[in-house]
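These are my notebook entries on one structure. I set out below what I looked up, topic by topic.

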Amino acid sequence: MALVLVFMGPPGAGKSTMAKKLVSDYGLAHFSTGDIIREKIASDPEFKAEFEALIKAGKLLDDERTKQLLLEKIKASDISNGFILDGYPRTVNQAKDLEEILKELGLELNGVIYFSLPEDVAVERLTQRLQCPKCGKIYNLASVRPKVDNICDDCGAKLVARSDDETESIRTRFREYEAKTKPVVEYYREQGLLYEIDVNDTVEANYKKLKDLVEKIKSKEIT
Ligand SMILES: [Zn+2]
């Protein structure tokens, strides 16, 4: 049976690191609406023009189009073991769209995992973040250090500090995330689908908590 999980959590929670580990341990697919939109922009000039016009007008891609793009991407992927949704849904309306997507695929949502951590810890983590300008890999001086200082493990490029990682903008993004996603968190809590993990620990310890939780969710899914 395919496992369907939603990952939520503020910036600095380490969602993408956790997702990568879980994907490789369980053979899951991983969908991030941000990545899907970026891919579409790169491959479809018509979409690119439409999207740029939206941004210029100060708008975002509407829920219906986002839903269609996501469904298209899921249908074109191998989801035999299941998948993780990362960065979606962000609103109750999108959560309802997700229910329709899953219904169409004959699947059910097994759990929503919320990665929580104190704001100050998130700020500390993110201000120590370095990114490879060539391949996009993210390093963190507190947890995921490069093997050679300031050099990307994968491609050898010189790492740079992420430009958006200014303390104040991190605090703003952190608070905005919590405020904006609160309704959807409550929506899933009411349905008994919400699981919270405190990720104020090392990557290894956090991942162990996640894996224990996923095993619990899986056994519930089978019974
Ligand atoms: Zn690199």
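Which spacing do the donors of the zinc ion follow along the chain? I read it as C-x2-C-x16-C-x2-C. I note that this is a predicted model, in which local features need pLDDT of at least 70, side-chain atom pairs count only at pLDDT 80 or more, and totals for chains, interfaces and linings use all residues. Residues are numbered from 1 along each chain as its sequence is written, and side-chain values use heavy atoms, with hydrogens and water left out.

**Entry 1: the zinc ion.** I found the SG atoms of C132, C135, C152 and C155 coordinating the zinc ion at 2.3 Å. Donors are N, O and S atoms within 2.8 Å of the metal (3.2 Å for Na, K and Ca); water is not among the atoms, so sites may look incomplete. The arrangement is tetrahedral because the four donor atoms subtend angles of 97 to 119°; the term requires all angles to lie between 85 and 135 degrees. I also looked up burial: both C132 and C152 are buried (under 20% relative accessible area, 1.4 Å probe, protein chains only).

**Entry 2: N140.** I located N140 in strand β6 (strands are DSSP runs of E, at least two residues, numbered from the N terminus). N140 counts as buried because its relative accessibility is 8%. The N140 side chain reaches the backbone oxygen of R125 at 2.8 Å. Beyond neighbours within four places in sequence, I list R125, Q128, R129 and R145 in contact with N140 (heavy atoms within 4.5 Å).

Conventions: Tetrahedral: all angles 85-135°; square planar, octahedral: opposite > 155°, others 65-115°. Buried < 20%, exposed > 50% of the residue type's maximum accessible area, 1.4 Å probe, protein only. Helix = DSSP H or I, 4+ residues; strand = E, 2+ residues; numbered from the N terminus. Polar contact = N/O pair within 3.5 Å; in protein donor to acceptor, adjacent residues only side chain to side chain.
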